[in-house]
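I opened my notebook and looked up a few places in this structure, one at a time. Here is what I wrote down.

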Amino acid sequence: MADLSKYRNIGIFAHVDAGKTTTTERILSLTGKIHKIGEVHDGEATTDFMEQEQERGITIQSAATSCEWDGHRMNIIDTPGHVDFTVEVYRSLKVLDGGVGVFCGSGGVEPQSETNWRYANESEVARVILVNKLDRMGADFYKVVDQIKTVLAATPLVMVLPIGIEDDFVGVVDLLTRKAWVWDNSGDPTKYEIQDVPADMVDKVEEYREQLIETAIEHDDDAMEAYLEGEEPSIETIKACIRKGTNELAFFPTYCGSAFKNKGIQLVLDAVVDYLPSPTEVKPQPEVNEEGEETGEFAIVDPDGPFRALAFKIMDDRFGALTFVRIYSGTLNKGDTIMNAFTSKTERVGRMVEMHADDRIELDKAQAGDIIAIVGMKNVQTGHTLCDPKNPATLEPMVFPVPVISMAVFPKDKAATEKMGIALGKMVAEDPSFIVETDQESGETILNGMGELHLDIKVDIMRRTYGVDCDVGAPQVAYRETITQTVEDSYTHKKQSGGSGQFGKIDYVVQPNEPGAGYEFESKVTGGNVPREFWPAIEKGFRTSMDKGVLAGFPTEDVKITLMDGGFHAVDSSAVAFEIAAKGAYRQSLPKASPQIIEPIMKVDVFSPEDNVGDVIGDLNRRRGMIKSQDLTPTGVRIKAGVPLAEMFGYIGDLRTMTSGRGQFSMEFENYMPCPRNVAEEVIKAQKERDEAKS
């Protein structure tokens with residue numbers, strides 16, 4: 001039985017281009033897992049094994065691998081940084097015990113860093129921080145540490161100080177041991193010397209070391225008392241305090257280095273072992289009932305307990321479907337029968353593998369704390385719980401973001417149609433933020449995703465991986481409709497046509513709900529004028545009507561319906577009659593409630609060279625953007641704005657033109673806001689033309 005205290009399940013996450021994948025490569029090299037280091041810019045990184053990742057130099061899907069360091073087993077997940085693939089970060093954090101947050105030494109805390117940090121806080125994942133790329137122009141370790149405090153509202157616990165910066169960066173000073181680690185310029189991570197602290201850094205090292213000790217020993221009353229009396233705690237005591245504070249998320253041990261130049265990574269690996277929790281030291285996963293409410297039971301991390309595992313990722317490759325699972329409790333043997341708590345169906349485990357990017361090592365057994373892949377599971381989706389059939393339970397599921405952009409795809413012939421059906425089925429299983437719908441009227445296949453890049457890559461995978469010959473339509477914005485006024489109304493559905501008729505009368509109030517609250521139904525009927533057994537039918541009639549708004553047919557959001565009174569007939573009233581009455585009431589009353597089109601607003605973060613700031617801001621204003629802030633950085637200006645998604649198509653091309661290729665931006669969904677009248681009229685007109693073209 002493996003010693004769980006020697007396990008570390010960690011993720012590496014950061015903003016796009018901060019050096020996550022390069023850091024993972026260096027870790028795999030240092031731990032002896034790989035012998036040739038692959039570079040992201042050459043398309044040869046171990047964990048970037050998709051064609052699309054190698055070409056674009058970005059990580060698209062999280063990749064799992066494992067290695068050994070200092071007698072400890074590390075399961076590592078390298079996650080994407082691009083905002084369109086945030087779901088990969090979210091689901092990885094859900095099953096990890098600790099993380100390494102990587103920040104760029106010159107870019108600092110970038111927008112996607114904030115999103116990932118927020119997800120990690122919500123998942124209560126302990127982290128160490130690596131300020132990477134200190135060899136780059138404009139790098140500033142102390143500035144990034146300040147940003148971590150101000151932008152992320154986190155407490156970085158500085159563990160090392162850099163020796164030199166930019167081209168002169170040669171190593172780091174370990175504050176605990178007061179020793180300098182200095183690497184040569186060969187690029188070999190093992191070619192370093194441990195020296196005394198450089199003379200010009202002694203005062204700074206003492207200042208930061210004192211801050212480190214004072215922050216750490218707040219977690220040990222005895223050590224604190226001794227320290228106040230002038231006795232310095234031992235390094236073992238300080239380390240124990242840092243471990244405790246890190247696991248309580250009180251602070252985050254902060255390191256620096258250059259993964260690309262192979263400097264500083266050993267200390268980060270030591271920190272993972274010393275300060276991040278083992279599977280037994282994190283809060284156990286709560287079990288939930290059918291309604292998703294916690295039962296008070298937990299999946300305690302114990303190899304001898306009942307089997308509990310969470311499927312956090314589905315991947316289809318040349319060997320068949322792989323289901324990535326994190327085992328929380330119990331032991332799984334090859335040939336065991338396990339149950340999917342969501343479907344209540346059982347399956348036999350034929351093959352289990354340990355993943356190393358896209359290579360695999362066959363396993364006969366896995367236990368609590370392990371992250372493995374099961375080959376050939378059927379009907380398992382992301383977030384499903386796998387458990388012991390004799391002792392079933394459901395773990396807390398995952399919640400995924402709602403897509404904001406859609407695109408129609410058209411297969412070129414019958415063969416392509418069949419291929420596309422199979423491909424989309426597999427891709428939807430792999431990515432919960434990718435939703436496929438069929439337009440009932442036109443028969444068009446509509447892809448829904450998190451952004452242009454997200455859908456672009458899905459179409460690319462469909463064409464290249466699955467050989468689907470297809471055309472794509474222009475991207476469409478996910479507009480919604482809502483109402484702005486309260487309306488009291490009454491509707492009667494009456495039909496007589498020989499035999500028993502239909503009758504249902506409802507008195508109701510339609511009112512705007514809080515933004516983001518969605519559809520809500522409440523009944524205040526007293527006295528039995530509308531019998532209780534018909535309320536669900538009325539609720540269903542209104543709910544199904546919300547799928548199609550009264551202005552342009554977009555789904556209606558943030559509406560509250562209150563049933564006040566009504567009438568029924570002892571013979572002619574039925575659930576169907578009241579459902580039809582609710583649908584008629586929706587068509588009658590929504591137009592009276594001042595309906596309006598609302599559009600998705602994106603949180604846009606643009607980096608621009610100083611010379612081009614005026615052009616960039618002017619362009620954002622033309623796109624109906626609201627500028628929120630401008631921050632000067634050593635290499636340019638960061639502009640934050642809220643901009644309608646409809647105005648952001650093709651923005652990267654315009655930004656590159658304005659900034660001679662030096663500008664960058666990222667965006668993520670923020671909220672829905674009302675469209676200006678002229679825009680709404682255009683949207684309604686375009687939608688009507690599309691509907692006419694379909695018919």
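**Entry 1: Phe578**

I started with Phe578, which is buried at a relative accessible area of 0%. Buried means under 20% relative accessible area, exposed means over 50%, and partly exposed lies in between, with a 1.4 Å probe and protein chains only. I noted that this is a predicted model, where local features need pLDDT of at least 70 and side-chain atom pairs count only at pLDDT 80 or more, while totals for chains, interfaces and linings use all residues. Residues are numbered from 1 along each chain as its sequence is written, and side-chain values use heavy atoms, with hydrogens and water left out.

Phe578 sits in helix 13 (residues 575-589). Helices (H or I, at least four residues) and strands (E, at least two) are DSSP runs, numbered from the N terminus. Which residues is Phe578 in contact with, leaving aside its neighbours within four places in sequence? I found Phe503, Gly504, Lys505, Ile506, Val530, Phe534, Ile538, Gly567, Phe568 and Ser573. Contact means heavy atoms within 4.5 Å. I also looked at Thr492, which is 86 residues from Phe578 along the chain; their C-alpha atoms are separated by 9.0 Å.

**Entry 2: The whole protein**

Next I stepped back to the totals. The protein has 16 helices and 38 strands. Of its 695 residues, 54% are buried. Among contacts with a separation of 6 or more, 71% are between residues 24 or more positions apart.

I then checked strand 4 (residues 98-104), where seven of the seven residues are buried. Both of its faces are covered: Gly98, Val100, Val102 and Cys104 lie on one side, and Gly99, Gly101 and Phe103 on the other.

How many bridges join strand 4 to strand 5? I counted seven, and the two strands run parallel. Two strands pair if DSSP finds at least two bridges between them. One of these bridges has Arg127 in strand 5 as the partner of Gly99. Strand 1 (residues 7-14) also pairs with strand 4 in the parallel sense, over five bridges. There, Phe13 stands opposite Gly101 in strand 4.

I found an open sheet of three strands in the order 13-12-24, with antiparallel pairing. Strand 13 (294-299) and strand 24 (394-395) are the edge strands, each pairing on one side only. Strand 12 (residues 285-288) pairs with strand 13 over three bridges in the antiparallel sense.

**Entry 3: Helices 8 and 9**

At what angle do helix 8 (residues 235-247) and helix 9 (residues 265-275) pack? The angle is about 80°, with the axes 9 Å apart. Axes are lines fitted to C-alpha atoms, for helices over the stretch in contact, and angles run from 0 to 180 degrees between N-to-C directions. Helix 8 and helix 9 are therefore roughly perpendicular to each other. For the wording, angles under 35 degrees count as roughly parallel, over 145 as roughly antiparallel, 65 to 115 as roughly perpendicular and the rest as oblique.

From helix 8, Lys239, Ile242, Arg243, Thr246 and Asn247 meet Val273, Asp274 and Tyr275 of helix 9. By class, this contact of helix 8 with helix 9 has three nonpolar, two polar and three charged residues. Ala, Val, Leu, Ile, Met, Phe, Trp, Tyr, Cys and Pro count as nonpolar, Asp, Glu, Lys and Arg as charged, and the others, Gly among them, as polar.

I also looked at how covered helix 9 is. Nine of its eleven residues are buried, so helix 9 is largely enclosed by the rest of the structure. The buried residues of helix 9 include Ile265, Leu267 and Leu269.

**Entry 4: Helices 10 and 11**

The axes of helix 10 (residues 414-430) and helix 11 (residues 452-464) come within 10 Å and cross at roughly 130°. That makes helix 10 oblique to helix 11. Met420, Ala423, Leu424 and Met427 of helix 10 meet Lys458, Ile461 and Met462 of helix 11. I sorted the residues of this contact into six nonpolar, no polar and one charged.

**Entry 5: Two positive phi values**

Last, I visited Lys133, in the loop between strand 5 (126-132) and helix 5 (141-150). Lys133 is not a glycine, yet its phi is positive, near 60°. Is Lys133 buried or exposed? Lys133 counts as buried because its relative accessibility is 15%. Ser594, in the loop between helix 13 and strand 35 (595-608), has a positive phi of about 50° although it is not a glycine. At 28% relative accessibility, Ser594 counts as partly exposed.
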